[in-house]
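I opened this structure today to look up a few things. My notes follow in the order in which I took them.

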Amino acid sequence: MNLLAQTTQITHLAEKVLAGAAISYEEALTLLDTPDEATPFLLGWADVIRKHFRGRKVDLCAIVNARAGRCPEDCRFCAQSARYPTHTAVYPLLPADEILRRAQAVYAAGIRRFSLVTSGREPGRDFDKILALIRLLRKELPELRICASLGILRAEEARALKKTGLTRYHHNLETAASFFPQICTTHRYEDRLATIFAAKEAGLEVCAGGIIGLGETPAQRAELAFALRDLGAVSVPVNILHPIPGTPLEEQAPLRPLEIFRTLAVFRFILPHVTIRYAGGREHNLRDTQAIGLAGGVDGLITGDYLTTRGQGIPRDLTLIRDLGLKI
């Protein structure tokens with residue numbers, strides 16, 4: 001297919017989305033197959049779709065690694081798995097005053113969404129303390145929206161989180177169902193779905209995404225995006241593998257930036273109404289090209305540090321957004 005035919009096809013599919021229709025899985029695959037020379041055209045249309053449905057605002061979220069390390073699961077990318085010699089930090093649930101201090105710093109920087117993240121299969125024995133933390137944050141910072149990522153949930157835990165004032169629960173699918181067994185064997189893809197269903201049934205918004213660059217195919221990235229669409233996720237964080245020494249994926253070859261941007265753009269075509277959020281690995285993989293994603297369909301980001309790696313800092317992220325003429 002020549003360049004004119006490729007751009008014509010991209011335009012046709014973009015207009016389809018703008019008219020309120022959904023693209024098919026096969027159409028998504030054609031977009032993912034866009035060559036490098038036509039990729040800027042694809043990104044331009046993804047930005048048009050984003051602004052049409054989402055406006056010019058960028059949704060920011062900061063996270064705290066509230067309990068780190070010693071996770072019994074074997075997710076092949078994860079520095080916090082107890083199965084791998086990664087030498088990452090290990091500590092129990094942080095004291096309430098430390099978490100409050102971090103939340104106050106985030107709020108002072110202008111961030112209005114803050115997520116408590118704990119390592120491990122499930123909340124476990126810390127669950128009551130976590131509920132108390134949520135109550136404390138809501139009391140001290142009533143305008144701060146509190147989210148949590150605590151692993152696999154039971155239905156009664158999801159209801160307790162909602163009752164305590166949690167607004168959104170985060171639980172990534174990680175990757176496509178067809179690729180999941182190559183990434184984790186200690187729990188099933190269906191266990192992750194069950195947690196998302198429990199959160200939704202409790203009345204919580206769902207933040208769910210995954211990681212690209214694990215060795216999956218482009219078709220499996222599309223599979224993941226359609227699964228997230230069907231689940232009704234309102235926020236879709238897209239991590240890009242940052243290989244950690246000691247994990248089984250430490251030698252995984254990185255994706256090229258243009259392939260990453262194509263993936264993010266196609267996510268926007270598939271998910272026109274949701275927040276598509278830059279997450280972990282963007283600095284490592286995209287370096288000085290990060291602005292391209294924000295001009296190519298992305299309308300959210302995790303700012304500050306990640307769970308086990310450093311980010312570029314909130315001030316630099318705010319400058320990046322403002323330089324593009326976007327709004328916080």
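I searched the whole structure for aromatic pairs and found 2. Rings of Phe, Tyr and Trp (its six-membered ring) pair if their centres lie within 6.5 Å; planes under 30 degrees apart count as stacked, over 60 as edge-to-face and the rest as tilted.

I looked up Tyr-25 and Phe-226. Their pair is edge-to-face, at 6.1 Å centre to centre and 65° between the planes. Tyr-25 lies in helix α2 (residues 25-32) and Phe-226 in helix α8 (residues 218-231), so this pair ties together parts that are 201 residues apart in sequence. Helices (H or I, at least four residues) and strands (E, at least two) are DSSP runs, numbered from the N terminus.

Is Phe-226 buried or exposed? I read 10% relative accessibility for Phe-226, which counts as buried. Tyr-25 is partly exposed, at 31% relative accessible area. The cut-offs: buried is under 20% relative accessible area, exposed over 50%, partly exposed in between (1.4 Å probe, protein chains only).

I turned to Phe-180 and Tyr-189. Their ring centres are 5.9 Å apart and the planes stand at 70°, so this pair is edge-to-face. Phe-180 is buried at 4%, and Tyr-189 is buried at 10%.

A note on the source: this is a predicted model, where local features need pLDDT of at least 70, side-chain atom pairs count only at pLDDT 80 or more, and totals for chains, interfaces and linings use all residues. Residues are numbered from 1 along each chain as its sequence is written, and side-chain values use heavy atoms, with hydrogens and water left out.

Next I checked strand β2. How many residues of β2 (residues 113-118) are buried? I count 6 of the 6, so β2 is largely enclosed by the rest of the structure. In a regular strand the side chains alternate between the two faces of the sheet. In β2, I find Arg-113, Ser-115 and Val-117 buried on one side, and Phe-114, Leu-116 and Thr-118 buried on the other.

I then looked up the neighbours of β2 in the sheet. Two strands pair if DSSP finds at least two bridges between them. Strand β1 (residues 59-67) runs parallel to β2, joined by 5 bridges. Ile-63 has Ser-115 of β2 as its bridge partner. Strand β3 (residues 145-149) also runs parallel to β2, with 5 bridges. There, Leu-116 has Ala-148 of β3 as its bridge partner.
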